[in-house]
Amino acid sequence: MAPITLDAVDDHLKNTIQLLFQLQSATHGYLGSATHSELLRLIPQLSSSLSALSSTASHIQTQIPPEVVQYVDEGRNPDIYTREFVELVVKGNQYLKGKGEAFAGFRDLLAEEMRMAWPDMEGEIEGVVGSGNGLEGKEGREGETEVKRENGGTS
């Protein structure tokens, strides 16, 4: 048996929608016995179309978050859910990025202050800072603002 694709489910869905439209048109313009026979012909077709759609769609693996299903059940647009979700993720990412940059700045400032306080431990300080993806030695600090030492010099 050939694998069932979304295109096959889409075709069944289109067929079912078309049959529903035909039923709606026939009932809206009811003309008596001619319409009655048309309805008798369309209803079994709709039933078999729905059955085919159900059996075909059940073989497709989908993962829809329950929140989206609830959104649709409440009559809301799932695109709004997606937009709100993306905005929430962006906000969280910005917060974490800012937090990471603040800690990196603090780490570098602390390392520079420790270098000034304990110049003989500069190698160990640079090793710790380097292991945390911080500044690595003087060559890694090119372009950084110079820090004033307490005795008036710069580093």
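A salt bridge here is a side-chain nitrogen of Lys or Arg within 4 Å of a carboxyl oxygen of Asp or Glu. The legends below describe close-up views of a predicted model.

**View 1. Glu-126 and Arg-115 meet in a salt bridge.**
The N to O distance between these side chains is 3.6 Å. That lies within the 4 Å limit, so the pair qualifies. Glu-126 lies in helix H5 (residues 122–131) and Arg-115 in helix H4. The pair therefore ties together parts that are 11 residues apart in sequence. Glu-126 is buried, at 17% relative accessibility. Arg-115 is buried too, with a relative accessible area of 5%. Shared partners join Glu-112, Arg-115 and Glu-126 into one network of salt bridges.

**View 2. Arg-115 also forms a salt bridge with Glu-112.**
Here the closest N and O atoms are 3.1 Å apart. Both residues sit in helix H4, three residues apart. About one helical turn separates them. Both Arg-115 and Glu-112 are buried.

Glu-38 is partly exposed, with a relative accessible area of 29%. Arg-41 is also partly exposed, at 40%.

**View 3. Tyr-71 and Tyr-81 form an edge-to-face aromatic pair.**
The search of the whole structure finds two aromatic pairs. In this one, the ring centres are 5.4 Å apart and the planes stand at 65°. Tyr-71 belongs to helix H3 (residues 66–73), and Tyr-81 to helix H4 (residues 78–117). The pair thus ties together parts that are 10 residues apart in sequence. Both tyrosines are buried. Arg-76 lies over the face of Tyr-71, at 4.1 Å from the ring centre.

**View 4. Tyr-81 and Phe-85 are stacked.**
Their ring centres are 6.4 Å apart, with the planes at 15°. Planes under 30 degrees apart count as stacked, so this pair is stacked. The two residues are four apart in helix H4, about one helical turn. Tyr-81 counts as buried at 18% relative accessibility. Phe-85 is partly exposed, at 47%. Together, Tyr-71, Tyr-81 and Phe-85 form one aromatic cluster.

**View 5. Phe-85 also contributes to a nonpolar surface patch.**
Val-89 is placed in helix H4. At 37% relative accessibility, Val-89 is partly exposed.

**View 6. Leu-46 is a buried residue of helix H2.**
Helix H2 runs over residues 33–57. Leu-46 has a relative accessible area of 12%. Which residues does Leu-46 touch, not counting residues up to four places away in sequence? They are Thr-16, Leu-19, Leu-20 and Leu-23. Leu-46 and Ile-17 are 29 residues apart in sequence, yet 9.1 Å apart in space, C-alpha to C-alpha.

**View 7. Thr-35 is another buried residue of helix H2.**
Its relative accessibility is 7%. Thr-35 touches Ala-26, Gly-29 and Tyr-30, leaving aside residues up to four places away in sequence.

Conventions:
Residues are numbered from 1 along each chain as its sequence is written. This is a predicted model: local features need pLDDT of at least 70, side-chain atom pairs count only at pLDDT 80 or more; totals for chains, interfaces and linings use all residues. Side-chain values use heavy atoms; hydrogens and water are left out. Rings of Phe, Tyr and Trp (its six-membered ring) pair if their centres lie within 6.5 Å; planes under 30 degrees apart count as stacked, over 60 as edge-to-face and the rest as tilted. Buried means under 20% relative accessible area, exposed over 50%, partly exposed in between (1.4 Å probe, protein chains only). A charge sits over a ring if NZ of Lys or CZ of Arg is within 6 Å of the ring centre and within 35 degrees of the ring normal. Patches are made of residues with over 30% relative accessible area and no salt bridge: like charges are joined within 9 Å, nonpolar side chains (Val, Leu, Ile, Met, Phe, Trp, Tyr) within 5 Å. Accessible areas come from the Shrake-Rupley method with a 1.4 Å probe; for residues, only the protein chains shown count as cover. Contact means heavy atoms within 4.5 Å.
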